[in-house]
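Dear colleague,

Please read the notes on confidence together with the rest.

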Amino acid sequence: MVDSRTLARPLAWLALFAAAAGPLGAETEAYAVDPAASHVRIHLGRAGLMKFLGHEHEIEAPVAEGRVEVVDGDPSRSRVALRFESARLAVVPGSEPADDIPKVEERMRGPEVLEVARYPEIAFASTSVRSQAKDGSRVLIVVAGTLTLRGRSVPVEIPLEVVREALTVAARGGLNLNLRDLGVEPPSVAGVVKVANRFRLEFEIRATATGER
């Protein structure tokens, strides 16, 4: 996230994956994430002495770009990369009072939280995939990888339920994280109502086959 070349590395690295997989005899199928059919949401709770006066926040993080590569017969060698534009993160309409939304979004995008002027992008790149169970086209997996936000890269593991059809891959799941682990101090109002350090990140990703192998 330091510069565009650094941010492009996860996707560029994945583009080389099919070539590496070929000699081993396993076929790789590439899929492009459909931003219109994919959703990543952040659920932020409340904390502090007067938390009953505040409200929870639900944030939508639109996917700017994403790629999935599935290796037939060897899920552990499959890969995924996602890229988000920090300035596009927004409060989900209806999740809190309409009059509060502009203030919440301004603070979220400012130097206290995302600092979008300095860190315009957020990225996730997988490092490994573990298969846990399979039921027909439905597979339970755990994707380990690196989440990069505000210039800090943090290892994460995401449990996902994946359904693969002829031309599409759909995945959903989520995990709990701490704001402080990502280099963000939970914002507060007058020191008595604050955003909880612990939050929930949920994924619903849909990708379509590109025809690349």
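Leaving aside its neighbours within four places in sequence, with which residues is Val33 in contact? Before the answer, a word on the basis of these remarks: this is a predicted model, in which local features need pLDDT of at least 70 and side-chain atom pairs count only at pLDDT 80 or more, whereas totals for chains, interfaces and linings use all residues. Residues are numbered from 1 along each chain as its sequence is written, and side-chain values use heavy atoms, with hydrogens and water left out.

Val33 is in contact with Ser38, Val63, Gly66, Arg67, Val68, Leu82, Ile205, Arg206 and Ala207, where contact means heavy atoms within 4.5 Å. The residue belongs to strand S1 (residues 28–33); helices (H or I, at least four residues) and strands (E, at least two) are DSSP runs, numbered from the N terminus. Val33 counts as buried because its relative accessibility is 8%, buried being under 20% relative accessible area, exposed over 50% and partly exposed in between (1.4 Å probe, protein chains only). The C-alpha atoms of Val33 and Glu65 are separated by 6.7 Å, although the two residues are 32 residues apart along the chain.

Overall fold and confidence

The protein chain has three helices and 12 strands, and of its 213 residues 46% count as buried. Among the contacts in the protein chain with a separation of 6 or more, 63% come from residues 24 or more positions apart. The mean pLDDT of the chain is 81, with 80% of its residues at 70 or more; pLDDT is the predictor's confidence in each residue, from 0 to 100. Confidence is lowest in helix H2 (residues 17–21), at a mean of 38, and highest in S5, at 95. Over residues 1–24 the pLDDT is below 50, and this stretch has 38 contacts in the model beyond near neighbours in sequence. Over residues 48–53 the pLDDT is likewise below 50, with 10 such contacts. Where pLDDT is low, the predicted coordinates should not be read in detail.

The second largest pocket

About 610 Å³ of space lies in the second largest pocket. Of the 29 residues that line this pocket, the closest to its centre are Val70, Ser78, Ile141, Val162 and Val169. On a 1 Å grid over the protein atoms alone, a cavity is a set of points where a 1.4 Å probe fits but cannot get out, while a pocket is an open set with protein on both sides within 12 Å along at least five of seven lines, and lining residues have an atom within 4 Å of a point. Grid points are joined across faces, edges and corners, and the volume is the space filled by probe spheres set on the points. The strands that each supply at least two residues of the lining include S4 (63–71), S5 (79–85), S7 (121–135) and S12 (193–209). By class, the lining has 18 nonpolar, five polar and six charged residues (Ala, Val, Leu, Ile, Met, Phe, Trp, Tyr, Cys and Pro count as nonpolar, Asp, Glu, Lys and Arg as charged, and the others, Gly among them, as polar).

Individual residues

Arg67, one of the contacts of Val33, lies in strand S4 and is buried because its relative accessible area is 15%. A polar contact of 2.7 Å joins the side chains of Arg67 and Glu69; a polar contact is a pair of N or O atoms within 3.5 Å, and within protein one must be able to donate a hydrogen and the other to accept it, with residues adjacent in sequence counting only if both atoms are side-chain atoms. Arg77, in the loop between S4 and S5, is buried as well, with a relative accessible area of 16%.

Thr146, in strand S8, counts as partly exposed at 27% relative accessibility, and the residues that Thr146 touches include Ala123, Phe124 and Thr127.

Phi of Glu115 is near 50 degrees, and phi of Arg150 is near 55 degrees. Most residues other than glycine have a negative phi. Glu115 lies in the loop between helix H3 (101–109) and S7, and Arg150 is in the loop between S8 and S9.

With best wishes
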